[in-house]
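Visitor: I would like to learn how to read a model of this kind, feature by feature. Could you take me through it with the general idea of each feature, followed by the case at hand?

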Amino acid sequence: MFAYIIRRLLYSIPVLLATSFLIFTFVSITGDPLAKIRARPLISAAELASISHEKKLDKPVVVRYWYWLRGAVQADFGRTLFANRPITPDLKRVLGHTLQLLVTVEILAVLVAVGIGVLSAVRQYSVFDYSMTTLSFLGFAMPVFWLALILQVIFTNAFLKWHVRIFYTAQLSSVDPGHGFHFLLDRIQHLALPVLTLVVLTIAAYSRYMRASMLEVINSDYVRTARAKGVHEWRVITHHVVRNALIPLVTVIALNVGGLLGGAIVTESVFSLDGMGSYFRYKLDQLDLYPVMAWLMITAVIIILANLLADIVYGYLDPRIRYT
């Protein structure tokens, strides 16, 4: 296993290099990063040239890419174009906030979706199965921004009507969140609605995959053999069916990491969260290239690590998988 992990990490290096070059090249040619500065009536050609030289915008793309890559390897993504702030400290802050959101979403979604998928498959065509199927289709049909706005309206109206604060509809924390348990409670109240928004949509997808995978495995020959040997039904389900049915779901979860990061852009914008999604949208609106490149690069690293983790989980779920 250790050799396999090392080999996969080594394979990831050329993938990351190719990805980084494509990210840098395509982002660099999307527009003029100095367009807003050029629009200033009092800016002179000499000042523009000085800024362009300082940010190495007067050099070819390949040369600029080398400077950027050298800094990225050292976790130094340079400085913003306009405010001239270091990018890395801001990235660390917003990445921590986004991971709080996404890790919570994944844990809750997997636990609930696996339970729904298992019960729907075991009780196929029951009232529960039809009900969950209907709710899943509704979950698929709801856009992220629409669900986020509806939740905001519901809990805002609840607060205005009854003056009871259940969940906050914006920001990550109060002005004075306190310490210890009070800080944790305040953060939960702020993250509850963004988490609920993404969890509903994620459960809708995961539960359908889990149900389909369960139905495929539950009719397998080795499952019928276990039943013929007199193994208790729930032991057959938990030890033989669920474990193998989880393998396709693990693949879906790994592939969905990029989708969750994309959904975080919308969710964090609606709820005004100081996370990776809001940071990306704000910097993209400003056409501040280097923070956008850093965001895309971190996203690529997260997706590669998620797929590596999925491959490791395969071996745990199915001992027949060998890492050679």
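Predicted model: local features only at pLDDT ≥ 70, side-chain atom pairs only at ≥ 80, totals over all residues.

Visitor: Is S173 buried, partly exposed or exposed?

Guide: Buried means under 20% relative accessible area, exposed means over 50%, and partly exposed lies in between, with a 1.4 Å probe and protein chains only. S173 counts as partly exposed because its relative accessibility is 29%.

Visitor: Which residues is S173 in contact with, leaving aside its neighbours within four places in sequence?

Guide: Contact means heavy atoms within 4.5 Å, and by that criterion S173 is in contact with D186, R187 and H190 once those neighbours are set aside. A separate reading is the C-alpha to C-alpha distance of 9.3 Å between S173 and L273, two residues that are 100 apart in sequence.

Visitor: What can be said of the protein as a whole?

Guide: The protein has 12 helices and zero strands, and its C-alpha trace spans about 85 × 60 × 40 Å along the principal axes. Of its 324 residues, 44% are buried, and among the contacts with a separation of 6 or more, 73% are between residues 24 or more positions apart. The accessible surface, from the Shrake-Rupley method with a 1.4 Å probe, comes to about 17800 Å², and 69% of that surface belongs to carbon and sulfur atoms.

Visitor: How should I read the packing of α8 and α10?

Guide: The axes are lines fitted to C-alpha atoms, for helices over the stretch in contact, and the angle runs from 0 to 180 degrees between N-to-C directions. Angles under 35 degrees count as roughly parallel, over 145 as roughly antiparallel, 65 to 115 as roughly perpendicular, and the rest as oblique. Helix α8 (residues 181–218) and helix α10 (residues 233–270) pack at an angle of about 150° with their axes 8 Å apart, which means that α8 is roughly antiparallel to α10. The residues of this contact of α8 with α10 divide into 18 nonpolar, eight polar and no charged, where Ala, Val, Leu, Ile, Met, Phe, Trp, Tyr, Cys and Pro count as nonpolar, Asp, Glu, Lys and Arg as charged, and the others, Gly among them, as polar.

Visitor: What is the handedness of the crossing of α5 and α6?

Guide: A crossing is left-handed if the near helix is turned anticlockwise from the far one by less than a right angle, and right-handed if clockwise. The crossing of α5 and α6 is left-handed, and the two axes come within 8 Å and cross at roughly 135°, which makes α5 oblique to α6. In this pair, I116, L119 and S120 in α5 meet F128, D129 and M132 in α6, and the residues of the contact divide into four nonpolar, one polar and one charged.

Visitor: Where does α6 meet α8?

Guide: The axes of α6 and α8 come within 8 Å and cross at roughly 135°, and the contact is made by D129, T133, S136, G139 and F140 of α6 with L201, A204, A205, S207, R208 and R211 of α8. The residues of this contact divide into four nonpolar, four polar and three charged.

Visitor: What do the buried residues of α11 pack against?

Guide: They pack against α2 (35–38), α5, α10 and α12. Q286 is one of the buried residues of α11, with a relative accessible area of 17%, and Q286 touches K36 and F82, not counting residues up to four places away in sequence.

Key
Residues numbered from 1 in each chain as written. Heavy atoms only, no water. Helix = DSSP H or I, 4+ residues; strand = E, 2+ residues; numbered from the N terminus.
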